[in-house]
Amino acid sequence: MDGKWGTRASAVLLGAALLTAGCAPGDDRGAGRAPAATAQPGDPYWVNPDGSAARQVAAYEKAGRKAEAARIRRIAGQPVGEWLGPENPEGEARGYTEAAARSGRTALLVLYNIPHRDCGRYSRGGAADGAAYRAWVDRVARGIGDRPATVVLEPDALLHLVDGCTPREFREERYDLLRGAVTRLAALKHTRVYLDAGNAGWGRPDQIHAPLKAAGVADADGFAVNVSNFYSTPDSVTYGKRLSAEVGGKHFVVDTSRNGNGPYTAGAPEERWCNPPGRALGEPPTTRTADPLVDAYLWVKRPGESDGECRGGPKAGAWWPEYALKLAGD
């Protein structure tokens with residue numbers, strides 16, 4: 001998905017966390033022990049003390065830019081998704097979940113490595129083939145083990161089946177890979193799995209509910225809506241509830257990371273998703289939601305990371321402090 005991939009950033013963050021713990025980041029066994037516990041917000045998700053936003057806060061404070069530091073702290077103080085990279089998924093998953101468990105928290109992980117990802121656009125890439133993807137997911141599962149984790153599975157993978165972006169010859173394999181990933185991860189003792197199911201901009205849940213069923217949502221804990229998008233929380237909940245009614249009453253989570261001002265409506269429709277101006281942070285991550293079907297509001301997309309090389313932004317997934325400041329407001 002455009003603007004979602006941060007392989008290098010993820011590896012750097014994990015490396016720093018593991019070095020803090022006295023562990024080698026390149027060790028496929030992951031962290032020998034998790035980073036020291038730090039103060040955390042009241043809800044169950046873990047805040048990475050060495051994330052891009054936290055580093056930016058430190059840089060601004062060192063430069064005496066206290067006002068900017070205070071604004072970025074609004075991001076740094078919240079739990080955000082950790083997007084696992086392709087090279088050391090077991091070590092990353094172990095490092096993040098151990099750090100979270102050490103703080104008595106749950107790690108929020110995002111798996112975004114499906115073959116033929118993003119149809120060759122800003123976030124193109126993914127595993128080389130089905131066998132490589134299955135092995136990658138298995139390594140993620142070994143890294144998580146029996147520690148608490150919430151996993152958002154493969155943003156856009158189903159939508160690109162619906163919109164025809166994914167070539168026909170890869171479609172059945174993709175369903176099989178998603179079903180396999182759900183089965184493998186849902187079998188873990190303390191892992192919750194949510195399949196990505198698009199956003200309120202799709203309008204009609206019947207565009208996605210059959211593919212969602214085919215991808216194994218019955219065996220997942222539910223689905224995720226609005227990942228890396230900007231639709232308001234009320235609109236996203238309405239969309240999710242309509243979709244839930246079509247897939248057996250499954251629960252769902254909502255990405256509220258950047259939906260404080262709703263979607264951008266100016267300019268060319270095909271560009272509105274990419275680093276739109278005038279957006280804002282949404283509700284902080286929490287499991288205390290207003291609807292029993294909504295398991296959590298989450299910051300799946302990491303606020304301040306670029307959607308891609310548009311509107312002056314850096315490559316997809318790269319930290320962009322100027323945009324982060326705008327999201328954080330005055």
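I note at the start that the model is predicted.

**Entry 1: aromatic pairs**

I searched the whole structure for aromatic pairs and got five.

Where do Trp46 and Tyr96 lie in the chain? I found Trp46 in the loop between α1 (7–20) and α2 (52–62), and Tyr96 in helix α4 (residues 89–102). The two are 50 residues apart, and the pair links distant parts of the chain. I also looked up accessibility: Trp46 and Tyr96 are both buried.

Next I took Trp83 and Tyr112. The ring centres are 5.7 Å apart and the planes are at 85°, so this pair is edge-to-face. Trp83 belongs to strand β1 (residues 82–83), while Tyr112 is in the loop between β2 (107–111) and α5 (130–144). The pair therefore ties together parts that are 29 residues apart in sequence. Trp83 and Tyr112 are both buried.

Tyr112 has a further contact to record. The charged end of Arg117 sits over the Tyr112 ring, 4.7 Å from the ring centre.

**Entry 2: cavities**

How many cavities of 30 Å³ or more does the whole structure have? My search gave four. I followed up the largest cavity, which has a volume of about 150 Å³. It is lined by 16 residues, and those closest to its centre are Gly51, Ser52, Ala53, Val80 and Arg302.

I then asked which helices supply the lining. α2 and α3 (66–76) each give at least two residues to the lining of the largest cavity. The largest share comes from α2, with three residues. I sorted the lining residues of this cavity by type as well: nine are nonpolar, four polar and three charged.

**Entry 3: the disulfide**

I reminded myself that a disulfide is a covalent bond between the sulfur atoms of two cysteines. The structure has one disulfide. Cys274 and Cys310 form it, with their sulfur atoms 1.7 Å apart. Is the link of Cys274 and Cys310 left-handed or right-handed? The angle about the S-S bond is -90°, and the link is left-handed.

I placed both cysteines in the chain. Cys274 is in the loop between β6 (251–255) and β7 (294–298), and Cys310 is in the loop between β7 and α10 (321–328). The pair therefore ties together parts that are 36 residues apart in sequence. Cys274 and Cys310 are buried.

**Entry 4: positive phi angles**

I noted two residues here. Glu154 has a positive phi of about 50°, although it is not a glycine. I found Glu154 in the loop between β3 (149–153) and α6 (159–162). Why does Glu154 count as buried? Its relative accessibility is 1%, and buried means under 20%.

Asn226 is the other entry. Its phi is near 70°, which is a positive value in a residue other than glycine. Asn226 lies in the loop between β5 (222–225) and α9 (233–246). At 0% relative accessibility, I put Asn226 down as buried too.

Methods
Residues numbered from 1 in each chain as written. Predicted model: local features only at pLDDT ≥ 70, side-chain atom pairs only at ≥ 80, totals over all residues. Heavy atoms only, no water. Phe/Tyr/Trp six-rings, centres within 6.5 Å; stacked < 30°, edge-to-face > 60°. Helix = DSSP H or I, 4+ residues; strand = E, 2+ residues; numbered from the N terminus. Buried < 20%, exposed > 50% of the residue type's maximum accessible area, 1.4 Å probe, protein only. Lys NZ or Arg CZ within 6 Å of the ring centre and 35° of its normal. 1 Å grid on protein atoms, 1.4 Å probe; cavity = no way out; pocket = protein on both sides within 12 Å on 5 of 7 lines; lining within 4 Å. Points joined across faces, edges and corners; volume = space filled by probe spheres on them. Nonpolar A, V, L, I, M, F, W, Y, C, P; charged D, E, K, R; others polar. Disulfide = S-S within 2.5 Å.
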